[in-house]
Amino acid sequence: MIGTPLPHESASLHVSGSAPYLDDLPELKGTLHGAFALAPVAHGRLKSLHLDAARAYPGVVAVLTAADIPGRNNAGPSVVDDPVLVSDLISFHGQALALVLADTFDGARRAARLVTSEVEAFPALLTVDDAKAAESWVLPPVEVSRGDADSALSAAPHRLSGTTRVGGQEHFYLETQGASAVPREGGGMHVHSSTQHPTEMQHLVAQLLGWEAHQVSVECRRMGGGFGGKESQSGQVACAAALGTWKTGRPVKVRLDRDDDMALTGKRHDFLVEYDVGFDDDGKILGVRFTLASRCGFSPDLSGPVNDRAVFHLDNAYFLDAVAIRSLRCRTNTVSNTAFRGFGGPQGLFAIESVVDAVARNRGLDPLDVRKINFYGPSEGPDRNTTHYGMRVEDNIAPALVDQLETTSDYRRRRQAIAAFNASHRFLKRGIALTPVKFGISFTATFYNQAGALVHVYADGSVLVTHGGTEMGQGLYTKVRQIVAHELGLDCERVRLLPTDTSRVPNTSATAASSGTDLNGMAARLAARDIKKRLDAFAASENLDLGWDELVGRAYKARIKLWESGFYATPKIHYDPKTMQGRPFFYFAYGACCAEVEVDTLTGENHIVRADILHDVGRSLNPAIDRGQIEGGFLQGTGWLTTEELWWTPEGRLWTHAPSTYKIPAASDCPADLRVDFWETDNIEETVHRSKAVGEPPLMHGLAVFFALKDAVASASGPDAALNLVAPATPEALLRALGGLVQEQRS
Ligand code: MTE
Ligand code: HPA
Ligand code: MOS
């Protein structure tokens, strides 16, 4: 059961098209559909709204504005800064001004386009550079340091400073944001929401209506992908559906059209990275100074913890002895950026890996050797095992894991073969890179690291489980089912999972930070274990030797409690948000990727020749699910760093608001030669069956592709050209780094 590659619990429903997503749920009689009217400027004061034309549109039942909200006009986490509907200040192009309710989805959308407004436009800050120059922050700058970076920098034999950039990313979940609300008797409401965070949706809706939390229940069976984009950003549509239902007394469904979803909801933060690094002849880093500046958009949303996680991951797998970090959380007149797989960690890794690569090219060394010399460890001798935030690295498996991948990927021989290939090809150039990942597992906000579950054993021996986590395709329900079945000694078929619902398990955390199974799997296991203990004690006291069904039937008649709740809180973690020191993470997940690419230097076109991934999942609960997470994460990370590019017009309108201009990887972008292996050792911490979280870390294997592209650029145009390559490394960016070949030849 544990460790077997069982298919995803909904696999047959997925492939046969019979797994219901939000928009597939049967519609109740009288259901209305909602659509937003969007702001026409990036920054300004809303002077008036003209709603008559929309109200007159056939089938329109109501057009609502901020004035219709009875309670708190907020759809964001923690800080009251994310209006459901603009009441006064427009903060980004495409922000929601009004909500049209009509009897068809199409009618609501068409009528929404008829809403017009009068606006006093203000100048807008759109980019990190704009906001940084204006010192415009959503949260105050944060500084973290260890040792004396300045002295280390001036004493270092070599010194290099530079700037690099990494782009944002649209989540592009296949199912867009959506929610539907139904009234319940006596001032209650039930909301179906495509969300990673049902409890937060419950509180947002309650506060919007001026209600108490117990009046609202929120349910989610599955999402068609979340990737962090439905941790907080599901709030606006949930609130809109609830507002519509409260106002009209009818069921209301709001699901976003793709273009509206892309304009209206937050994305991954893009970062500007400035560094100053001192190192020795071998490329060992002696001191480093970083300034990270990220585009947070108009409000804090989750930008605080996202940027903190970037700071926590600036070391990746490397010991940074003397380090000084400044983290700038830039306020811009763009959509409020949010959680995205890795939650700032990938941007932190991008920064340090860019520095390591630059150091290697400066010294004329193989970047892999510079990576190795900077690893944490060894465990003997002077301490090289404590992170810049004061957490000890207790299971430093990165060096051994990287050694193994270096061998199995045949890195050294292939590097020589690539040199030979590049020497004999004028325009085609190949490159290779092998990059490690070390990723901290736990929510950095310590209180989030808790979960509950409810296990029912019915008198016929069948089992029903609910827990606080949500399913977004990652296989959480499959793993929880395996864990409970194993605990009770049953086949998975005897265990069924119900949709996640705040009325069954309360006070849940977002399913995020990769900790869904660590938290909910453990809570469900504890509940099942208690039931099993009672059954075992009953069997012993009655001297029974029965099969499961008979034992359960007898226990029921003997009035033994056959259901139980479980609760789990992660041990050992603590951290002081003011100093950013402590142990924010229960443990680290590791991995490494070796990627080889080929670039056509005349066009910038490129592809991955081969990729090898060695990934640490601890003791795998389900190797089939884990493999899917590793492959999917790798490709999503590759898309982030290569083809996915967000563009805004000078007026601040998102130009890449559809798949016509925004390019996520397709199946054909998966390397033909992709080799995924597990580093299978027990988690040193007591996680459920010694497994490790797997959701986010593999995304960062995309870094190997980016640095392989850099390597190819270096082969074609020299090390300085490689320094100029920023992410995403689109064909255009590659050509720019290669020296603008095409443009120069044409002019
Ligand atoms: N896998 C699929 N198929 N779909 C998703 O939306 N989200 C990722 C990851 N893998 C996601 C996914 C993100 S951002 C996180 S935090 C984890 O899954 C959340 O689930 P877990 O904690 O159960 O791993
Ligand atoms: N990761 C993901 N989501 C979160 C976190 C985190 O550390 N903190 C709050 N939401
Ligand atoms: Mo994942 S970004 O923690 O939802």
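**A working chat on the predicted model**

Colleague: Where does C670 fall, buried, exposed or partly exposed?
Modeller: In this predicted model, C670 is partly exposed, because its relative accessible area is 29%, and that category lies between 20% and 50%.

Colleague: How many disulfides does a search of the whole structure find?
Modeller: The search returns zero disulfides. C670 accordingly takes part in none, and the nearest cysteine sulfur, which belongs to C593, is 11 Å away. A disulfide would need the two sulfur atoms to be within 2.5 Å.

Colleague: And C492, buried or exposed?
Modeller: C492 counts as buried, because its relative accessibility is 6%, and the limit for that class is under 20%.

Colleague: Let us turn to the chain as a whole. How many helices and strands are there?
Modeller: The protein chain contains 21 helices and 26 strands. Along the principal axes, its C-alpha atoms fill a box of roughly 80 × 75 × 45 Å.

Colleague: What is the radius of gyration, and what would a compact globule of 747 residues have?
Modeller: The radius of gyration of the protein chain is 27 Å, and a compact globule with 747 residues would be near 27 Å, so the two agree. As for burial, 61% of the 747 residues count as buried.

Colleague: What polar atoms lie by the nitrogen and oxygen atoms of ligand 2?
Modeller: A nitrogen atom of ligand 2 has a polar side-chain atom of E231 at 2.6 Å. On the oxygen side, an N or O atom in the side chain of R309 is 3.3 Å from an oxygen atom of the ligand. T444 contributes through its backbone, with a polar atom 3.3 Å from an oxygen atom of ligand 2.

Colleague: How much of the accessible area of ligand 2 does the protein cover?
Modeller: On its own, ligand 2 has 260 Å² of accessible area, and the protein covers 98% of that.

Colleague: What about ligand 1, and which residues come nearest?
Modeller: There are 17 residues around ligand 1, of which G226, F227, M472, G516 and Q629 come nearest. Its shell divides into five nonpolar residues, 10 polar and two charged.

Colleague: Which backbone atoms make polar contacts with ligand 1?
Modeller: Among them is a polar backbone atom of F227, at 2.9 Å from an oxygen atom of the ligand. A backbone N or O atom of M472 is 2.9 Å from a nitrogen atom of ligand 1. For S514, a polar backbone atom is 3.3 Å from an oxygen atom of ligand 1. Of the 520 Å² of accessible area that ligand 1 has on its own, the protein covers 92%.

Colleague: Changing topic, which peptide bonds are cis?
Modeller: One of them joins G377 and P378, with omega about 0°. P378 sits in the loop between α11 (367-374) and α12 (398-408). Another runs from A727 to P728, with omega near 5°, and P728 is in the loop between α19 (719-723) and α20.

Colleague: Which residues of α20 are buried, and what follows that helix?
Modeller: Helix α20 covers residues 731-738, and its buried residues are A733, L734, L735, A737 and L738. G739 follows α20 and has a positive phi, near 115°.

Colleague: Which residues other than glycine have positive phi?
Modeller: Among them are N316, with phi near 45°, and N507, with phi near 55°. N316 lies in the loop between α9 (303-312) and β15 (323-331), whereas N507 lies in the loop between β20 (500-501) and α15 (516-542).

Colleague: Are those two buried or exposed, and why?
Modeller: N316 counts as buried because its relative accessibility is 0%. N507 counts as exposed because its relative accessibility is 57%, and exposed begins over 50%.

Colleague: Lastly, where is S234?
Modeller: S234 is in the loop between β11 (216-220) and α7 (235-248). S234 is buried, because its relative accessible area is 1%.

Terms used:
Residues are numbered from 1 along each chain as its sequence is written. Chains are lettered from A and ligands numbered from 1 in the order in which they are written. This is a predicted model: local features need pLDDT of at least 70, side-chain atom pairs count only at pLDDT 80 or more; totals for chains, interfaces and linings use all residues. Side-chain values use heavy atoms; hydrogens and water are left out. A polar contact is a pair of N or O atoms within 3.5 Å; within protein, one must be able to donate a hydrogen and the other to accept it, and residues adjacent in sequence count only if both atoms are side-chain atoms. Accessible areas come from the Shrake-Rupley method with a 1.4 Å probe; for residues, only the protein chains shown count as cover. A residue is near a molecule or strand if one of its heavy atoms lies within 4 Å of it. Ala, Val, Leu, Ile, Met, Phe, Trp, Tyr, Cys and Pro count as nonpolar, Asp, Glu, Lys and Arg as charged, and the others, Gly among them, as polar. Buried means under 20% relative accessible area, exposed over 50%, partly exposed in between (1.4 Å probe, protein chains only). Helices (H or I, at least four residues) and strands (E, at least two) are DSSP runs, numbered from the N terminus. The radius of gyration is taken over C-alpha atoms; the globule rule is 2.2 Å times the number of residues to the power 0.38.
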